[in-house]
Amino acid sequence: MDFKELIEKRHSIRTYSGKEVSDEVLKELIECAKLAPTSRNKKPVDYIIVKDRELLEKLSVSKAGGSQMLKDAGAAIVVTGDSEKSDVWVEDCSITMTYLHLACVNLGLGSCWIQIRNRQNAEGIDSGEYIKDLLGVKAPYEVLAVLSLGNVE
């Protein structure tokens, strides 16, 4: 498929089969993500791959709405940025998320961008802080988003 077709085919998928995504596919996705440009090539973006079913369940309540699909996803990629390394880490992480979406389409996977930055969970806890606590993310890294991904039913 050509690039325009790839872009046209991409859309948010919120229902997954629950089948685990292989380490090989996840490695390829991260390799693609690392090709995303960043401001002044500072590369402030980092990734946390989550395959553990219990952690996916906990991530599914990371925000009040729009994260529930994580409980059935084959995996998730948490995209974080070093806020000290770059003042435009948000933009850099956003470009990376777009690359990840397109790579998922190319590999035949469904995906959905779950916005975390500036969101709260049902208890009013900051979604980014919830995920940082859950996954042990340390400052100066901040969570921009989570990409749910997996095989479509």
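Tutor: Start with Ala33, which lies in helix α2. Keep in mind that this is a predicted model.

Student: Is Ala33 buried or exposed?

Tutor: Look at relative accessibility. Buried means under 20%. Ala33 has 1%, so Ala33 counts as buried.

Student: Which residues does Ala33 touch, leaving out those up to four places away in sequence?

Tutor: Ala33 touches Tyr47, Thr96 and Leu100. Sequence distance and spatial distance are separate things to check. Ala33 and His101 are 68 residues apart along the chain, yet their C-alpha atoms are separated by 9.4 Å.

Student: How do I read a pair of helices?

Tutor: Take the angle and the distance between the axes. Helix α2 covers residues 23-33 and helix α4 covers residues 89-106. They pack at about 140 degrees, with axes 8 Å apart.

Student: What do we call that arrangement of α2 and α4?

Tutor: Angles over 145 degrees count as roughly antiparallel, and 65 to 115 as roughly perpendicular. The angle here is about 140 degrees. The two helices are therefore oblique to each other. The crossing of α2 and α4 is right-handed.

Student: Which residues meet where α2 packs on α4?

Tutor: From α2 come Leu29, Cys32 and Ala33. From α4 come Thr96, Tyr99, Leu100, Ala103 and Cys104. This contact has seven nonpolar residues, one polar and no charged.

Student: Why do residues a few places apart point the same way in a helix?

Tutor: An α-helix has 3.6 residues a turn, so residues three or four places apart point the same way. In α4, Thr96, Leu100 and Cys104 are among the residues that meet α2.

Student: Which parts of the structure do the buried residues of α4 pack against?

Tutor: The buried residues of α4 include Trp89, Asp92, Met97 and His101. The buried set packs against helices α1 and α2, and against strands β1, β2, β3 and β4. Just after α4, Gly108 takes a positive phi of about 80 degrees.

Student: Where does Pro44 lie?

Tutor: Pro44 is in the loop between α2 and β1. With 0% relative accessibility, Pro44 counts as buried. Its contacts include Trp89 and Asp92, along with Thr80 and Tyr141.

Notes:
Residues numbered from 1 in each chain as written. Predicted model: local features only at pLDDT ≥ 70, side-chain atom pairs only at ≥ 80, totals over all residues. Heavy atoms only, no water. Axes fitted to C-alpha atoms, helices over the stretch in contact; angles between N-to-C directions. Helix = DSSP H or I, 4+ residues; strand = E, 2+ residues; numbered from the N terminus. Parallel < 35°, antiparallel > 145°, perpendicular 65-115°, else oblique. Left-handed = near helix turned anticlockwise from the far one by under 90°. Contact = heavy atoms within 4.5 Å. Nonpolar A, V, L, I, M, F, W, Y, C, P; charged D, E, K, R; others polar. Buried < 20%, exposed > 50% of the residue type's maximum accessible area, 1.4 Å probe, protein only.
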